Amino acid sequence: MEKRVTFRGWVLPLLLIAPQVLISAIFFFYPAGQAVYQSLFIPDPFGLSSQFVGLGNFEYLFGDRFYRASFVTTAVFSVLVTLCSMIPALFLAVMADRLIKGSGVYRTMLIWPYAVAPAIAGVLWLFMFNTRVGVVSWYLGNLGYDWNHVLNGGEAMGLVVVASAWGRISYNFLFFFAALQAVPRSVIEAAAIDGARFWKRFWTIVLPLLSPTTFFLLVVNVVYSFFETFGVIHTITSGGPQQSTTILVYKVFADGFVGQDLGASSAQSVILLFVVGLLTIIQFKFVEKRVHY
Amino acid sequence: MKKSIIGALAVSTMLSPVAAMAQTEIQFWHAFTGRLGELVAAQVEEFNASQDDYTVVQTHKGNYSETLNAGIAAFRAGEQPHILMVFEVGTATMMAAKGAVRPVHEVMGQSGATFDPDAYIGAVKGYYTSTEGDMLSLPFNSSTPVLWVNRDAMTAAGVDPDTDLSTWQNVGTTLDALKAGGEDCPLVTAWQSWIHLENMSAYHDVPFASKDNGFGGVDTELMLNGEAQVAHLSAMGQWAKDGKFIYTGRRNEGGANFRAGECALFTESSAGYAGIKAEAEFDFDVRPLPYWEGVGNAPQNTIIGGASLWVMEGHEAEEYKGAGTFLSYLSSSDVQAKWHQDTGYLPITAEAGQATRAAGFYDENPGTDVAVIQMTTNQPTANSKGLRLGSFDQIRGIIDEELEGIWSGDKTAQEAMDSAKERGDALLRRFEAANR
């Protein structure tokens, strides 16, 4: 029989959840409501007049082939960023976990990039890959490869993915490393006695035990690649060339704060809200089932 | 620097409360940092010291886009400054915001200072003047594109540095010679849309958009896919393909290459002068922007880029008087001549230009008057007065994207410009809807 502790009456529990509800209301429900409301209008930037257009903004957006293409761009971008930041992080964590001496030094060094703000990271990578003065593009040039991310969409995408994933590797490393330390030694030792080699042990024991962490990082990294990579994209490509790196969030910014088109920008935030909500539901419904806690 | 001035102001305000209360404060938001920021601060300080009635407080609000956004957000919150700096592409946005801005001809006329609209250079003020001829904002920093030549690079490639580069036909021949002479970067540009489309159209007296480039109303459509523009971009595209025109980015990234001596020719704003003079370790000179011989009415006049000062609504009468006085001070001949000589920006009054010439500045700094001459030789036409298009910052982004399509060889010039028109027109229709 399950034992339940319940409050007597309603006042105390309501009071206890009030701060959380209040914060959510002020910082989430109110702005989200405003965005939904604004998405039905075409306002002028100064707020002097506003035309009610119903779902006109949404119609306009879905009629725009560049907006539709930006969904694909976002999907490609976030899958790449998530993979490029999680796989190396896991690899590094496993390596650091095996070290007996000096793991503290490696750990500290590996965490450093996380302290670099996305915009700064963007500028650093931009310098290295600058088409005329960049160190990396100079070496590539010597190898006979003409690097030009200002004109080549694929290269631009590669560069923003690497720049976005780079700082993120540290963050993921930290979580994987902590999770690895929590894997019971006894299980691994038992497998070792049974003759399982390192990689066998890794695939059959360690990785499944890491699955809650992996799942958590998957959710967090997808959200990161959706929203927080703005600084990197803004500094490196500004969404170009030919919108090949314009992800949904960047378009919200460009339309709202460069184009002063607040109606279309609000409509995009509403769409984005649904997309992220949907993704989170999918992740919890389907991916979480495979996770062993 | 800025902080210390604000600090000094704060201290002086605290020390003399009586004097401070008698002074009316005028808020001035601008987008300048570095050397330009210091020069603006100096202008403001000098104005404040010159009289006792008003104190202008200057604040840096980020780059051009950020400053405009700060002004708009502040207006919505009822906290707007008196004077806001807005870059030229934001002009249509500001003009459409009736009720948010007060025309400067009104403010300056009522401030008691003498205001003579004819004192301003036509091609400069035209950009900021209504179709009725009223000046709506005060041109502050204006520049126009010119051709910068690295004479040493020309010589190294075996090309006579004094070759006539006044037409694109001649430039084309020179690019061939430069390439043949081993030059890796014969031509590079900054601000591609501004120089190779907007100015190109004005210079050849062909329309960039209908309704007199948008001066005639918000129901305007882009006409940048015209014959002259497409021909120019096709030639540029071919040069890009042959490695004679090197594309470096949408803004002024090419400036770094040119200043480092890597490139022979560079189309860039006349305001690039200060930077090139400071950094270039080679012999350079300034030429007028080239034109296509036999196309349109070239050379007509080029148009400006830069920013102007807008006076915002919602303040006290006394404060408008102060704002008007400050703007009159900025337009005065001495202030303008100094600004022109310090920065390389164009003078906004003819008198300031003459004063600069009389002081011998152009003789000591050859080429600094090329932009002035290019702007003022002909009376601006409906096609060369400027551009007044809503959402223009974004339209420029679209144009940049389409131009990149040409440079990479993905699209022909005609395809790219047709697409730019289609996409840009969609934004213009939305702007029209928002400002109906």
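Trainee: Is B:Gln169 buried or exposed, or partly exposed?

Mentor: B:Gln169 is partly exposed, because 15 other C-beta atoms lie within 10 Å. A residue is buried if 20 or more other C-beta atoms lie within 10 Å of its own, exposed if 12 or fewer, and partly exposed in between, with C-beta atoms placed from the backbone. This is a predicted model, in which local features need pLDDT of at least 70, side-chain atom pairs count only at pLDDT 80 or more, and totals for chains, interfaces and linings use all residues. Residues are numbered from 1 along each chain as its sequence is written, while chains are lettered from A and ligands numbered from 1 in the order in which they are written.

B:Gln169 sits in helix α9 (residues 168–180) of chain B. Helices (H or I, at least four residues) and strands (E, at least two) are DSSP runs, numbered from the N terminus. Leaving out residues up to four places away in sequence, B:Gln169 touches B:Trp292 and B:Glu293. Contact requires C-beta atoms, placed from the backbone, within 7 Å. B:Ala260 is another matter: 91 residues along the chain from B:Gln169, with 27 Å between the C-alpha atoms.

Now the rest of chain B. It has 21 helices and 11 strands. Its radius of gyration is 22 Å, close to the 22 Å that the globule rule gives for 436 residues, so chain B is as compact as a globular protein of that length. The radius is taken over C-alpha atoms, and the rule is 2.2 Å times the number of residues to the power 0.38. The C-alpha trace spans about 75 × 50 × 35 Å along its principal axes. Of the 436 residues, 53% count as buried. Among contacts in chain B with a separation of 6 or more, 76% join residues 24 or more positions apart.

The largest nonpolar core has 129 residues, and B:Val124 and B:Leu327 have the most contacts inside it. Such a core is a set of buried Ala, Val, Leu, Ile, Met, Phe, Trp, Tyr and Cys residues joined through C-beta atoms within 7 Å. Helix α21 (residues 413–434) of chain B gives the largest share of this core, eight residues. Beyond its neighbours within four places in sequence, B:Val124 contacts B:Pro139, B:Ser142, B:Ile304, B:Leu346, B:Ile348 and B:Met375. Another core, of 37 residues, lies apart; A:Ala96, A:Ile233, A:Ile247 and A:Tyr250 are among them.

One helix pair in chain B deserves a look. The axes of α16 (residues 333–343) and α17 (residues 350–358) come within 8 Å and cross at roughly 60 degrees. Axes are lines fitted to C-alpha atoms, for helices over the stretch in contact, with angles from 0 to 180 degrees between N-to-C directions. On the α16(B) side are B:Ser333, B:Gln336, B:Ala337, B:His340 and B:Gln341; they meet B:Glu351, B:Ala352, B:Ala355 and B:Thr356 in α17(B). By class, this contact has three nonpolar, five polar and one charged residue. Ala, Val, Leu, Ile, Met, Phe, Trp, Tyr, Cys and Pro count as nonpolar, Asp, Glu, Lys and Arg as charged, and the others, Gly among them, as polar.

Last, chain A. It has 13 helices and two strands. Of its 293 residues, 32% count as buried. The contact between the chains takes 24 residues from chain A and 32 residues from chain B. On the chain A side, α12(A) supplies the largest share, three residues.

Conventions: Contact = placed C-beta atoms within 7 Å.
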